[in-house]
Amino acid sequence: MLRTAAQWHAFRIPAVWYTDEVARDDVSPQTVTPLGPDFLWGVATSGFQSEGHAPDSNWLRRIDESNFEPYGNSIDFYSRYTSDIPLAGALGVQVFRISVEWARVQPRPGEWDENALRFYDAVLDTIVAAGMRPMITLDHWVYPGWESDRGGWNNPGMVDDWLANMRVVVDRYAPRNPLWVTVNEPVAYIVYEMRYTGVDAQTIEERIAAVHNVSYDYIHQVQPDAMVTCNVGYVSGRETEVNQPMVDRISGKLDYFGVDYYFGADDPDEPAPEDRQIWELPLQAEGVYYALRHYARLYPDKPLYVVENGMPTENGQSRPDGYDRADYLRDLVYWLQRARMDGMNVIGYCYWSLTDNYEWGFYTPRFGLYTVDVRTDPDLVRKPTDAVDAYRDIVRTGGVPATYRPTRPPLACSYVDPPSSCTDPVTLPDPSART
């Protein structure tokens, strides 16, 4: 996802589509049905953001060269995975997402570190032993320092280097039957790489699409029944403009459509406050319905999976709008149930993230089900938020209760997926129609 408000503002919705003609859905279901035993509940993490003990990489160098908060050892998942993974297992979830960090497993050109691979062996074994299926991300925006020295994505040889590592990882871990994510949120990745390396947008788009497409074919050679995606960081109001060019390059090689949804969109007729922090951006739970509907209409034959979704807070404090993590989670799951009831083939949901972690430059934004105060707590205690019990109940029952109503009603005219989210909005049932 775009991790700062300034990055989100760069993709702000234009006002030209707006219409005063808003349709109303006169019939909304009085009850919602559970998502069922086939639905995949999960949690999402990434290697660099949580592991600590980081080897030389493009991102470790950026921290050293930029006005970023020191990384330290993040929340030290590297040493604490044996206790962190059972926290997810205790929620009852079926999926645990990690990334296998290229910078860790290939510290030098042509050499893979067997000890690093054994670390990921142990992580994946612990995930399976806790009753969960791994979801492996091959590239969560981090590559080795030696690859930075070669120019990163500016270097045409990056594609072959990336694919060589991919084959090592896939050959080793395909027998564990993971779900696969090739490249995390490629457009946000491209934005970062353009900023820090000066790579041309079209060049990196072509190269990332190439590694995804080759990886898709290779994974299916090794794991014929594999489920592979490249998750899209949904940009409310400008999804077609921002992500569709990349989606066009890879849509033929997606077994499921991974959607990351975080924020709603500002009213295009109002100026966006440019000084807002990420935890002040608009949350709009029903927006996930529009994000899923957007891709269900474009690719009706592809299953949909919410690979990331969560709520940022400032240092674990209450949000300025008063929305708490448990209520937002329940509200959002309500809209997943509505999406499934309306015929969208939604197969899974992963909460971002299991714990707080290093949010690409800073520890201030907190997303975790379990909060961790890296700055002041040397013991890095995992403290449950209100969302832990809420998520456990959701997983146990397959969603929110049948008669649940979101704590915040949907907007009458939403800008998440214009114009359809305004002209064809979702609604809550009329309370007077209850039986």
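Is Pro-384 buried or exposed? That was my opening entry, and I looked it up in what is a predicted model. Pro-384 comes out as exposed, with a relative accessibility of 56%; the cut-off for that label is over 50%.

**Entry: around Pro-384**

I placed Pro-384 in strand S13, which covers residues 383–384. Leaving out residues up to four places away in sequence, I found that Pro-384 touches Leu-369 and Tyr-370. I also checked Leu-354: it sits 30 residues from Pro-384 in sequence, and their C-alpha atoms are 9.9 Å apart in space.

**Entry: stepping back to the whole protein**

Next I wanted the overall picture. I counted 15 helices and 13 strands in the protein. Along the principal axes, the C-alpha atoms fill a box of roughly 65 × 45 × 45 Å.

I then asked how much is tucked away: 60% of the 435 residues count as buried. For the contacts, I took those between residues at least 6 apart in sequence, and 80% of these join residues at least 24 apart.

On charges, I have 38 positive and 63 negative side chains written down, with the centres of the two sets 3 Å apart.

**Entry: Gln-337**

Where does Gln-337 lie? I found it in helix H13, residues 325–341. Its relative accessible area is 0%, so Gln-337 is buried.

I went through what surrounds it. Not counting residues up to four places away in sequence, Gln-337 touches Val-32, Thr-33, Pro-34 and Leu-35, and also Gly-398, Gly-399 and Val-400. With Val-400 there is a polar detail to jot down: its backbone nitrogen lies 2.8 Å from a polar atom of the Gln-337 side chain.

**Entry: cis peptide bonds**

I looked at two cis peptide bonds. One joins Trp-352 and Ser-353, with omega at about 0°. Ser-353 is placed in the loop between strand S10 (346–352) and strand S11 (365–366).

The other runs from Pro-418 to Pro-419, and here omega is near -5°. I traced Pro-419 to the loop between helix H14 (386–397) and helix H15 (420–423).

**Entry: positive phi without glycine**

Which value of phi does Asp-76 have? I read a positive one of about 60°, although Asp-76 is not a glycine. Asp-76 belongs to the loop between helix H3 (58–65) and helix H4 (77–91). With a relative accessible area of 10%, Asp-76 is buried, because that label applies under 20%.

Asn-315 was my next stop. Its phi is near 55°, again positive in a residue other than glycine. I located Asn-315 in the loop between strand S9 (313–314) and H13. At 27% relative accessibility, Asn-315 counts as partly exposed.

**Entry: looking back**

Gln-337 is buried at 0%, Asp-76 is buried at 10%, Asn-315 is partly exposed at 27%, and Pro-384 is exposed at 56%.

Conventions: Residues numbered from 1 in each chain as written. Predicted model: local features only at pLDDT ≥ 70, side-chain atom pairs only at ≥ 80, totals over all residues. Heavy atoms only, no water. Helix = DSSP H or I, 4+ residues; strand = E, 2+ residues; numbered from the N terminus. Buried < 20%, exposed > 50% of the residue type's maximum accessible area, 1.4 Å probe, protein only. Contact = heavy atoms within 4.5 Å. Lys, Arg positive; Asp, Glu negative; His and termini not counted. Charge placed at Lys NZ, Arg CZ, Asp CG, Glu CD. Polar contact = N/O pair within 3.5 Å; in protein donor to acceptor, adjacent residues only side chain to side chain.
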